[in-house]
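Hi,

Here is the structure I promised to pass on.

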Amino acid sequence: MSDYQGKVAIITGSTRGIGYQIALNLAELGAKVVVSSRNAEDCQRIQQEFESKGLTSLGIAADVSSMEDCKALCNTVIETFGKVDILVNNAGITKDNLMMRMKEDQWDDIMNINLKSVFNMSQALLRNFLKLQGGRIINITSIVGQIGNAGQANYAASKAGIIGFTKSLAREIGSRGITVNAVAPGYIATDMTDTITEDSKEKLFKQIPLGRIGEPQDVANLVAFLGSEEAGYITGQVLNVDGGLVMQG
Ligand code: NDP
């Protein structure tokens with residue numbers, strides 16, 4: 001795989017978990033990476049950590065559910081680095097509840113943070129990508145957006161929405177050399193899945209053909225490929241990183 005020298009990547013929700021690993025990977029491959037989350041101290045801490053490893057990084061706080069924050073983030077990055085080659089829409093949360101009990105704000109928060117964020121960031125960078133006549137947009141969806149999950153109707157709808165968005169935008173801007181793909185992780189060991197009980201994990205292992213819960217690195221490996229020059233003829237796809245849990249025809 002060719003290196004990322006000269007490339008600029010923004011990874012939303014990259015102060016921990018999957019986003020952090022994606023950012024670290026791309027930085028180690030030579031990209032200038034923008035680390036972002038709602039917490040300014042965390043962004044600064046990760047920037048300093050990366051810089052101490054000799055990597056190029058910029059930490060900027062932004063709430064991706066806010067179009068204003070997204071525009072400000074993208075403008076600062078373009079002022080600093082001149083362009084953005086790769087956008088990874090990774091930030092996401094869960095607010096699980098059974099439908100009978102789901103509150104309106106649990107629905108709205110998930111839609112705004114998981115789905116509207118993808119619109120916000122993609123639109124804020126569209127002019128940049130059109131000017132480049134190239135670039136990569138990689139959206140982190142979930143197997144839950146493909147197969148559903150009881151207690152996660154809000155989360156599943158937001159992640160299924162990302163898949164529809166990905167395919168539509170891929171068709172819209174493909175002729176400009178810009179690729180848009182989605183990555184669907186299965187169960188990955190992060191803070192988000194930390195609350196799963198040992199009993200449930202045991203049951204889960206049995207359903208996963210590869211017999212283990214995934215690591216952030218498993219997802220970061222695929223993102224690094226999709227962001228590379230070699231992935232230039234792949235667009236509008238949903239690629240699963242789930243140990244074989246979901247196999248679609
Ligand atoms: P984590 O909870 O470990 O990390 C989430 C990151 O997103 C943090 O950096 C968090 O920082 C940031 N974030 C949350 N809300 C916002 C916001 N409004 N604006 C900006 N940043 C925000 O999650 P994971 O690493 O597990 O998940 C990453 C992505 O992968 C999510 O989209 C998730 O849905 C998806 N995914 C995860 C799976 C898993 O098993 N872990 C499976 C399938 C998909 P802060 O809160 O400080 O803002």
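Which of the 30 residues around the ligand come nearest? That would be T15, N90, Y155, I188 and T190. Before you go further, please keep in mind that this is a predicted model.

T15 puts a polar side-chain atom 2.8 Å from an oxygen atom of the ligand. With I188 it is a backbone N or O atom that lies 2.8 Å from a ligand oxygen. G13 also uses its backbone: a polar atom there is 3.4 Å from an oxygen atom of the ligand. On its own the ligand has 890 Å² of accessible area, and the protein covers 95% of that.

Two elements give two or more residues to the shell around it, namely α1 (17-28) and α6 (153-173).

Next, R16. This residue is in the loop between β1 and α1. Its side chain makes a polar contact of 3.3 Å with the side chain of D191. I also checked R16 against C43: they are 27 residues apart in sequence, and their C-alpha atoms are 9.9 Å apart in space.

Last, the salt bridges. Searching the whole structure gives nine of them. One of these pairs K7 with E229, and the closest N and O atoms there are 2.7 Å apart. K7 belongs to the segment before β1 (8-12) while E229 is in the loop between α8 (216-226) and β7 (238-241), so this bridge ties together parts that are 222 residues apart in sequence.

Cheers

Note on methods: Residues numbered from 1 in each chain as written. Predicted model: local features only at pLDDT ≥ 70, side-chain atom pairs only at ≥ 80, totals over all residues. Heavy atoms only, no water. Near = heavy atom within 4 Å. Polar contact = N/O pair within 3.5 Å; in protein donor to acceptor, adjacent residues only side chain to side chain. Areas by Shrake-Rupley, 256 points an atom, 1.4 Å probe, with all protein chains shown as cover. Helix = DSSP H or I, 4+ residues; strand = E, 2+ residues; numbered from the N terminus. Salt bridge = Lys/Arg side-chain N within 4 Å of Asp/Glu carboxyl O.
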